[in-house]
Amino acid sequence: MKIEQIQIGRLNENPWRFRVLSDADYHNMVYAVKERGDDALSPPIVAQIGNKLYIVDGHSRVAAAAEAGLKKITCKITETVTDHHQLRIMSFQLNREGYSNPLPLSDMVYEDMTLLGDIRKVADAYGISEDYITSLLKIKDLHDDTKLVIQKIIKVAKRKYQFLLSQITPSHLAGLTRLSPDKQVEVVDWIFQDIMYGPSDESLISIPSIYEIINEIEKITNQKEKKTYKKKTGGSRVDEIPFVCKCGSKYDITKAGEVYEYVEQNNVIVKRQFNVNRTSKVYTSANYTRKELKNMIEKFDDEFELTLIVSKREDR
């Protein structure tokens, strides 16, 4: 491979980038580049496909160099990659060790399954087992909302619990495809809440099997259903309504209309009041029809910031 200094702005990401690096390791890399320039890095490997240069191996190194302020980076240029199929194969071979995100891996092998038409041929091309390819292809069928939560789990694991990345495997995620879309989301959201709001001691954190999670969810659900048969006296005494946004943020809404949010500070989840400034106004469906609320939203221009909170009615 020939070695050449290349403008970072000319380098394109591999569309199927799947290698995952912890935030701590990435920040250490940025610091090293700031101290020693790109001598701190082994040269990324790039390939020319058509008139574009693609990163085959070394996305984090290129990103760290750019963040450290470099305009150019020393690269190795491979001449064995001339199309996207070869880009996928070589990228996998160079990055198969370490932590991986199974979602782009699934997209990657799906492309070659479409191209080659046979699992055995795809497995031979990648140098891995047919079972591994089968698991990756199953992940392709996961519901989009499930995939969004999985991406959030990986993001939190990169930041807080690096060892969890080794537990997010294709075979683990492939098991989710046996569930309905709603149950898929329920299971992965359980995992997300567990690592986001769980204990700060990482030795107490792990990702259980899908069926362990389902059993736990059903046990808690049954306990809640039993509680609903208790005779109510003097009206409801619940002071706060818990609410978890689809984005993963957690809130408590008091009956007085106050909103409290759970935020992360130094790897600890704390509860604080969700404050709004004095010029903010609150519109609720208790006082306005949905059509009126929709008209209100449409009339605001870009100088206004809108915050939407949705909670289930107590009488439904």
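1. **Basis.** This is a predicted model; local features need pLDDT of at least 70, side-chain atom pairs count only at pLDDT 80 or more, and totals for chains, interfaces and linings use all residues. Residues are numbered from 1 along each chain as its sequence is written, and side-chain values use heavy atoms, with hydrogens and water left out.

2. **Overall make-up.** The protein has 11 helices and 11 strands. Helices (H or I, at least four residues) and strands (E, at least two) are DSSP runs, numbered from the N terminus. Of its 316 residues, 35% count as buried. Buried means under 20% relative accessible area, exposed over 50%, and partly exposed in between (1.4 Å probe, protein chains only). Among contacts with a separation of 6 or more, 67% join residues 24 or more positions apart. Contact means heavy atoms within 4.5 Å.

3. **The largest core.** The largest nonpolar core holds 45 residues. Such a core is a set of buried Ala, Val, Leu, Ile, Met, Phe, Trp, Tyr and Cys residues joined through side-chain atoms within 4.5 Å. Tyr-126, Ile-150, Ile-153 and Leu-176 touch the most other members. Two or more residues come from each of strands S4 (45–49) and S5 (52–57), and from each of helices H3 (84–95), H4 (102–116), H5 (119–126), H6 (130–139), H7 (144–159) and H9 (181–197). Domain 1 (1–96) and domain 2 (99–221) both contribute, so this core lies between them. The domain bounds come from an automatic or database domain assignment.

4. **A second core.** A separate core of 17 residues is also present. Its members include Val-46, Ile-55, Ala-65 and Ile-73.

5. **Tyr-126 and Arg-88.** What does Tyr-126 contact, leaving aside neighbours within four places in sequence? The list is Arg-88, Ile-89, Phe-92, Arg-96, Met-108, Val-109 and Asp-112. Arg-88 sits in helix H3. Arg-88 is at 5% relative accessibility, so it counts as buried. With the same exclusion of neighbours within four places, Arg-88 contacts Trp-16, Met-108, Glu-111, Asp-112, Leu-115 and Tyr-126.

6. **Helix H3.** H3 has 12 residues. From first C-alpha to last it reaches 16 Å, close to the 16 Å expected at 1.5 Å a residue. The expected span is 1.5 Å times one less than the number of residues. The buried residues of H3 are Leu-87, Arg-88, Ile-89, Met-90, Ser-91, Phe-92 and Asn-95. At the start of H3, a side-chain oxygen of Asp-83 comes to within 3.2 Å of the backbone nitrogen of His-85.

7. **Helix H6.** Ile-133, Ser-135, Leu-136, Leu-137 and Ile-139 are buried in H6. Their cover includes H4, H5, H7 and helix H8 (170–174).

8. **Strand S4.** Four of the five residues of S4 are buried, so the strand is largely enclosed by the rest of the structure. S4 runs antiparallel to S5, joined by five bridges. Two strands pair if DSSP finds at least two bridges between them. The two form a hairpin with two residues between them, and Gly-50 in the turn has a positive phi of about 65 degrees. S4 also pairs with S6, in the parallel sense, over three bridges. Ala-47 stands opposite Tyr-54 in S5 and opposite Thr-78 in S6. Val-46 has Ile-77 as its bridge partner in S6.

9. **Strands S1 and S6.** S1 (residues 2–7) pairs with S6 (residues 72–78) in the antiparallel sense, over six bridges. Gln-5 stands opposite Thr-74 in S6.

10. **Pro-44.** Pro-44 and Lys-76 are 32 residues apart in sequence, yet 6.1 Å apart in space, C-alpha to C-alpha. Leaving aside neighbours within four places, the contacts of Pro-44 are Asp-57, Gly-58, Arg-61, Val-62, Ile-73, Thr-74, Cys-75 and Lys-76.

11. **Ser-100.** Ser-100 lies in strand S7 (residues 99–100). Ser-100 is buried, with a relative accessible area of 17%. Not counting residues up to four places away in sequence, Ser-100 touches Phe-18, Val-20, Asn-95, Leu-105 and Ile-168.

Definitions and conventions: A polar contact is a pair of N or O atoms within 3.5 Å; within protein, one must be able to donate a hydrogen and the other to accept it, and residues adjacent in sequence count only if both atoms are side-chain atoms.
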